[in-house]
Amino acid sequence: HLMASSASSDLSSLYSNGDVVLENPIESSAILLIVVIVCASVEYIFALGKQVNSRFFQEVFSTLSEEVLVVGVLSLLLTFAASVVASLPDQWSIMLDWAHACLLFMAVMLITILSAVAAGLLTAHKGWVKFEEHRMKASPETHSQREAMFRQANDKFLSSLRVCGLPTDVSLAQYLLKAEKGHLVALANLTWRSWLALSTIVVLNALHTRLIPQTQSTTQATEVLDTTGEAINIASFIALCGYGTLVIFVSVHMQLQRRLQQYLTLNTASQNVEATASLRNAAIALKMEKNGEKGPNGGDVPLLNASGNDRESFLEDSQTFLIWRSVDSTMALLQAVFIFLVWYGAVFLLNALYHTFAQNIGITLLLICGAFAPLVAFMALAPWTLTIVAILGSFGTNVNEELVRSLSRAKLKASGGGDAAAPGSPSSDRPAEEVGITTPAGGNDGSPMMNMSVETKSLRPISLDDGDLMRLAANRRGGAATIAL
């Protein structure tokens with residue numbers, strides 16, 4: 001019903017035979033020249049894009065190139081079908097041309113929405129970096145709801161790093177940025193499931209034109225609907241396809257935010273792991289002192305380092321709080337919402353936008369503002385949604401240890417530490433028996449100096465049961481200086 005008129009009966013095919021080209025040499029050459037220039041410009045833009053060193057840009061660029069290729073193939077098939085099928089009814093020929101144009105508008109909408117979300121994501125990242133540096137340690141009363149959740153997430157993150165024996169000098173904003181970029185690429189990397197999901201809203205849009213009563217035009221035979229019928233049709237399209245999709249997205253967004261809040265306030269063993277490790281370390285230190293032994297670094301005992309199955313007793317699987325307990329499933333749902341809005345925006349721009357100007361100025365502005373509101377809302381909320389998915393997808397037992405060590409080394413190098421290994425990295429956590437110190441053979445005055453080699457022996461294993469820890473805790477509360485082990 002969004003089409004203003006039916007097909008004409010004398011519609012000719014796009015191409016009949018070579019005589020058409022021979023009879024119009026100037027027109028055919030001019031059009032071919034324009035096509036060649038456009039192709040050269042596109043190839044030049046692609047060549048410039050491949051020279052950008054940013055890995056994130058290359059991933060986005062490759063994903064968008066793939067989607068444009070898919071749209072191009074579909075467009076070519078539709079053009080071919082409209083040209084060669086001579087017996088195709090006029091209405092179907094027009095619809096094939098319409099689908100061809102719709103794919104082009106969808107490509108434009110995909111790039112536009114994705115670029116806006118990427119800009120919002122990078123802007124939010126800069127804001128989180130500033131928040132970490134200046135305001136996170138301020139009074140919690142001054143924080144917004146999102147800032148309070150980010151601060152709680154940072155505490156949870158540091159607790160997970162301590163349990164895993166990883167360096168804790170890592171920015172949470174920098175850590176999340178890698179996951180956020182990956183989710184943004186996944187959002188644009190449309191799959192066959194996304195296209196099948198789009199068929200649902202297409203069918204619903206076709207049904208709504210039959211179910212909603214509309215006023216047929218009685219003035220001109222070429223018009224399907226009168227002004228009132230067009231307004232009803234456009235408004236119902238916006239309500240069903242635009243705001244219906246927005247309701248789905250907001251529901252998913254709020255559900256993820258509630259689950260994030262539940263995860264951040266979850267009281268697990270990891271919340272008390274530092275206290276547990278403190279008791280354990282104190283017990284080991286007293287045992288070593290009693291036996292006359294010294295541990296690495298002058299008797300300091302490393303913080304509890306849980307690994308393997310032991311880690312699960314201190315950390316929770318954060319991905320269980322995602323939709324269907326999976327990052328991939330959550331992103332598939334968000335991707336379906338994304339392609340719904342891409343299609344909705346393309347159809348509105350291609351068909352409905354023109355017909356809105358047939359109304360009076362007030363209704364026109366209302367329809368246009370109302371139509372773009374779902375798109376604007378998605379672009380505004382999507383960056384925080386991707387941040388939530390990044391937190392729930394990479395905390396607890398899902399901590400990216402290699403990324404943490406890489407960020408720690410980068411920070412140490414930027415602060416003037418060179419290539420020294422960060423605390424918690426494999427090169428800095430070598431066993432005590434591998435540590436050796438050798439002094440030079442001579443002093444500054446030329447006098448000989450004795451070569452000195454310091455060797456440490458492995459610590460004897462100790463056994464601590466729950467009773468030992470309970471007695472130690474009781475004595476520490478009572479101020480006792482010793483404990484019977």
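Guide: The model is a predicted one. The largest cavity is lined by residues that include Leu64, Glu67, Val68, Val71, Met106, Ala107, Leu110 and Ile111.

Visitor: What is the volume of the largest cavity?

Guide: Rolling a probe the size of a water molecule over the atoms shows where empty space is left. The largest cavity has a volume of about 110 Å³.

Visitor: How many residues apart in sequence are the parts tied together by Glu147 and Arg135?

Guide: The side chains of Glu147 and Arg135 form a salt bridge at 2.6 Å, N to O. Glu147 belongs to helix α5 (residues 145–164) and Arg135 to helix α4, so the parts that this pair ties together are separated in sequence by 12 residues.

Visitor: Is Glu147 buried or exposed?

Guide: Buried means under 20% relative accessible area. The relative accessibility of Glu147 is 16%, so Glu147 counts as buried.

Visitor: Where does the salt-bridge partner of Glu316 lie?

Guide: Glu316 meets Lys156 through their side chains in a salt bridge of 3.8 Å, N to O. This pair links distant parts of the chain, 160 residues apart: Glu316 is in the loop between α11 (309–312) and α12, and Lys156 is in helix α5.

Visitor: Why does Lys156 count as buried?

Guide: The cut-off for a buried residue is a relative accessible area under 20%. Lys156 counts as buried because its relative accessibility is 3%.

Visitor: How much accessible area does the nonpolar patch with Ile45 have?

Guide: Ile45 lies in helix α2 (residues 25–50), and at 54% relative accessibility Ile45 counts as exposed. On the surface, Ile45 forms a nonpolar patch with Ile34, Val38, Val42, Tyr44, Phe46 and Leu48. The accessible area of these residues together is about 650 Å².

Visitor: What share of the accessible surface of the protein chain belongs to carbon and sulfur atoms?

Guide: Of the 485 residues of the protein chain, 36% count as buried. The accessible surface of the chain comes to about 27600 Å², and the share belonging to carbon and sulfur atoms is 61%.

Definitions and conventions
Residues numbered from 1 in each chain as written. Predicted model: local features only at pLDDT ≥ 70, side-chain atom pairs only at ≥ 80, totals over all residues. Heavy atoms only, no water. Patch = residues over 30% accessible without salt bridge, like charges linked within 9 Å, V, L, I, M, F, W, Y side chains within 5 Å. Areas by Shrake-Rupley, 256 points an atom, 1.4 Å probe, with all protein chains shown as cover. Salt bridge = Lys/Arg side-chain N within 4 Å of Asp/Glu carboxyl O. Helix = DSSP H or I, 4+ residues; strand = E, 2+ residues; numbered from the N terminus. Buried < 20%, exposed > 50% of the residue type's maximum accessible area, 1.4 Å probe, protein only. 1 Å grid on protein atoms, 1.4 Å probe; cavity = no way out; pocket = protein on both sides within 12 Å on 5 of 7 lines; lining within 4 Å. Points joined across faces, edges and corners; volume = space filled by probe spheres on them.
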